[in-house]
Amino acid sequence: MDILDIKGIGPKKGALFNKLGIYDTKDLLTYYPRAYEEFKAPKRVKDINVGENASVILKIKKVLDIKKIRSLVIVSTVAVDEMDNPIKLVWFNCAFLRSTLKPGETYVFKGKVSNDGALKKIEHPAIFEIYEYKKLINVKQPVYALTKGLDLKTVRKAVEEAFAVEKLDLEYMPESIRNKYDLVDLNTALKLIHFPANDDDLSKGYKRLIFDEFFIFIMATRRLKSLNEDIDSDMVIDEFKEVDNVISNLEFTLTNAQLKAWEDIKRDLSSGKVMNRLVQGDVGCGKTVIAELALMSVVMKGYQGALMAPTEVLATQHYEGFSELINKIGLDIKLELLTGSITQAQKKKIYERLKNGEIDILIGTHALFQEKVEYKNLALVITDEQHRFGVKQREALGNKGGKPHVLVMSATPIPRTLAIILYGELSVSNIDEMPSNRIPIKNCVVDTSYRPNAYKFINNQIKEGRQAYIICPMVEESEGLELENVKDYAKKLKEIYPPSVNIDILHGKMKPKQKDEIMKAFVEGEINILVSTTVVEVGVNVPNASVMMIENAERFGLASLHQLRGRVGRGKYQSYCIFMNTSDSKTAKERLDILNGSNDGFVIANKDLKLRGQGDMFGTRQSGEMYFKLGDIIENSDILLMAVELSEEYMKNISKVNNGRLFENEFEKQAFMQKVEKQIKTCIETICL
Ligand code: ADP
Ligand code: MG
């Protein structure tokens with residue numbers, strides 16, 4: 001059902017929902033909350049603290065004051081609680097409140113407490129009738145990511161309405177399977193995610209949805225595997241002498257793990273089959289040089305290679321680093337950089353030279369594989385971070401039957417068994433060893449009282465010439481969420497630090513070009529402190545950055561936190577990671593302590609993660625890590641294993657027609673398969689380039 005058919009949503013609001021990627025009721029129901037708001041019992045004025053998000057029952061004494069400053073209309077008043085203790089309330093551009101909030105009436109006001117001279121103050125408090133508020137106490141209310149012009153109440157109402165009107169029949173999994181894995185049905189799961197009565201509800205909802213994510217994903221990788229397997233290659237690379245010489249001319253000695261990965265690649269390239277390999281290793285373990293060796297080896301044999309990175313900044317870094325290496329060792333290899341931001345004329349020239357073989361190795365972003373790009377004889381495609389290469393892409397590139405070898409490089413450090421599940425279609429090389437010259441990162445988990453010290457510490461690092469990252473979970477202030485946001489945080493920092501300290505921001509709502517400019521300025525050392533969301537997670541190398549501070553650290557998945565931390569400790573300086581824990585839950589602390597105790601991603605992932613999170617670790621995940629909207633492969637590894645089991649059963653059952661173990665009858669099986677196949681197809685499309 002179209003979003004516009006929901007009561008209360010007209011074209012104007014509809015457009016705002018569209019902006020969030022919501023077009024119909026199904027989109028809306030799968031627009032998962034980022035967190036849950038809890039309404040606590042109201043307090044008295046004397047019991048609330050500055051900085052707290054509090055609710056207070058207050059009596060309005062007189063008609064609200066109104067003041068106009070330029071285009072800003074400010075209404076305010078001083079209201080009192082039952083002990084007659086005063087507090088100031090302020091709203092902006094809400095003149096209508098003067099007629100709604102009547103003198104003598106009592107309401108509940110909820111918002112963040114600050115100081116106003118001797119008084120306490122709440123800016124823009126939410127207003128509730130007392131009976132209305134009572135109903136909300138201790139019920140979890142969903143909090144959604146919003147866009148300007150769309151408030152939380154509207155989205156909540158729309159979701160409620162969608163549940164009311166949508167005849168929910170999303171379930172595709174037979175009851176027998178659900179019973180086996182103790183899964184609630186899909187329709188219920190969605191309801192529980194949006195409107196859970198308690199943490200138990202939430203866990204049940206999450207379990208089902210995460211199970212589905214994992215299951216479909218695993219099926220997709222297996223499908224890819226069957227399509228990719230054992231393809232003969234007519235681009236056999238079997239001569240590595242020159243490239244092996246390069247290794248002895250590097251300014252460092254390769255680690256044993258690097259050497260082993262390189263041996264794996266050589267074996268693949270010379271096998272006569274098309275290579276499909278994943279090289280995974282912790283951030284900073286040195287995957288780039290392995291990619292470079294592989295690319296050089298195909299060029300030595302007269303072929304072309306391509307290296308794709310997810311961002312322009314990273315592509316440019318690869319290009320510059322690789323050029324330097326080639327110049328230093330004096331090899332005759334022609335590199336070129338192709339990104340979205342070069343001019344059309346320049347692109348055209350590159351296409352020309354690529355087609356007639358004047359370019360040996362092309363480095364860039366997605367632009368590398370657009371239709372117009374034609375290679376003369378591409379033998380190797382390497383994707384750095386994030387991207388898989390689908391069958392279709394491979395076919396589109398292959399010239400006259402020749403299909404390029406594929407190497408995927410990923411920094412998500414997961415145990416080998418997990419890697420084989422998640423990258424089912426690829427052979428895996430693990431680089432599980434760090435170069436010996438690394439200085440281990442020093443970690444600490446602290447609470448907010450440590451903030452002033454942290455700022456001082458960062459300032460000292462800046463004085464020594466270093467740079468810092470500060471990560472916040474949100475882009476801007478969000479109703480109902482007491483989480484740090486990039487925009488306000490940067491403003492606050494600018495008040496704390498002297499103007500000589502250059503502070504800037506980075507987040508996913510910026511245009512790619514803008515993001516690249518900011519990243520470039522940070523790489524070049526023009527920005528001292530970069531306040532960012534998790535977008536900074538992927539692959540960038542700024543060896544001069546020595547501090548990573550993560551606000552609301554308890555809100556992130558462990559895999560994500562580890563990945564973020566990997567942005568520092570890449571150079572010759574001692575680096576530090578400060579995990580700011582703003583939760584008082586024991587589980588949150590225990591989770592963070594795992595990171596505190598180890599810098600090794602494989603160790604972290606292998607830890608016995610019996611710490612199943614309480615409600616407090618749900619939501620806000622959205623890091624984009626590993627393709628999952630809700631699941632965290634480390635923390636939900638138990639669910640992952642169940643999904644693996646089902647995928648194995650599923651395949652068996654399909655080959656041995658109807659042996660009746662999972663399904664009641666053939667009809668049920670066919671119906672299930674049909675729906676699963678459809679989802680697999682969509683999944684393959686999203687995980688491949
Ligand atoms: P990642 O695996 O995260 O992509 P990089 O390939 O960017 O890591 O390597 C990080 C840094 O380590 C680079 O500056 C690289 O030159 C350096 N490096 C790579 N291998 C070694 C090694 N064996 N010894 C010392 N430094 C190395
Ligand atoms: Mg890298």
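Let's start with helix H12 (residues 312-329) and helix H18 (residues 512-523), whose axes come within 9 Å and cross at roughly 45 degrees. Helices here are DSSP runs of H or I with at least four residues, strands are runs of E with at least two, and both are numbered from the N terminus. An axis is a line fitted to C-alpha atoms, for helices over the stretch in contact, and the angle between N-to-C directions runs from 0 to 180 degrees. H12 and H18 are therefore oblique to each other; angles under 35 degrees count as roughly parallel, over 145 as roughly antiparallel, 65 to 115 as roughly perpendicular, and the rest as oblique. On the H12 side, the contact (heavy atoms within 4.5 Å) is made by Glu312, Val313 and Gln317, and on the H18 side by Asp516, Met519, Lys520 and Val523.

A word on the model: it is predicted, so local features need pLDDT of at least 70 and side-chain atom pairs count only at pLDDT 80 or more, while totals for chains, interfaces and linings use all residues. Residues are numbered from 1 along each chain as its sequence is written, chains are lettered from A and ligands numbered from 1 in the order in which they are written, and side-chain values use heavy atoms, leaving out hydrogens and water.

Now to ligand 1. Of the 16 residues around it (those with a heavy atom within 4 Å), Thr253, Gly284, Lys287, Thr288 and Arg438 come nearest. A backbone N or O atom of Thr253 lies 2.8 Å from a nitrogen atom of ligand 1. The side chain of Gln258 has an N or O atom 2.9 Å from a ligand nitrogen, and a polar backbone atom of Gly286 is 3.1 Å from a ligand oxygen.

Next, look at helix H10 (residues 256-270), which holds Lys266. This lysine is buried, with a relative accessible area of 11%; buried means under 20%, exposed over 50% and partly exposed in between, with a 1.4 Å probe and protein chains only. Leaving aside neighbours within four places in sequence, Lys266 is in contact with Phe240 and Asp244.

Val475 is found in the loop between strand S18 (467-471) and helix H17 (486-496). Val475 is also buried, at 13% relative accessible area. Beyond its neighbours within four places in sequence, its contacts include Asn485, His507 and Thr533.

Finally, find Glu685 in helix H23 (residues 666-687). Glu685 counts as partly exposed, at 47% relative accessibility. Glu685 and Ala220 are 465 residues apart in sequence, with their C-alpha atoms 9.5 Å apart in space.

Methods
A polar contact is a pair of N or O atoms within 3.5 Å; within protein, one must be able to donate a hydrogen and the other to accept it, and residues adjacent in sequence count only if both atoms are side-chain atoms.
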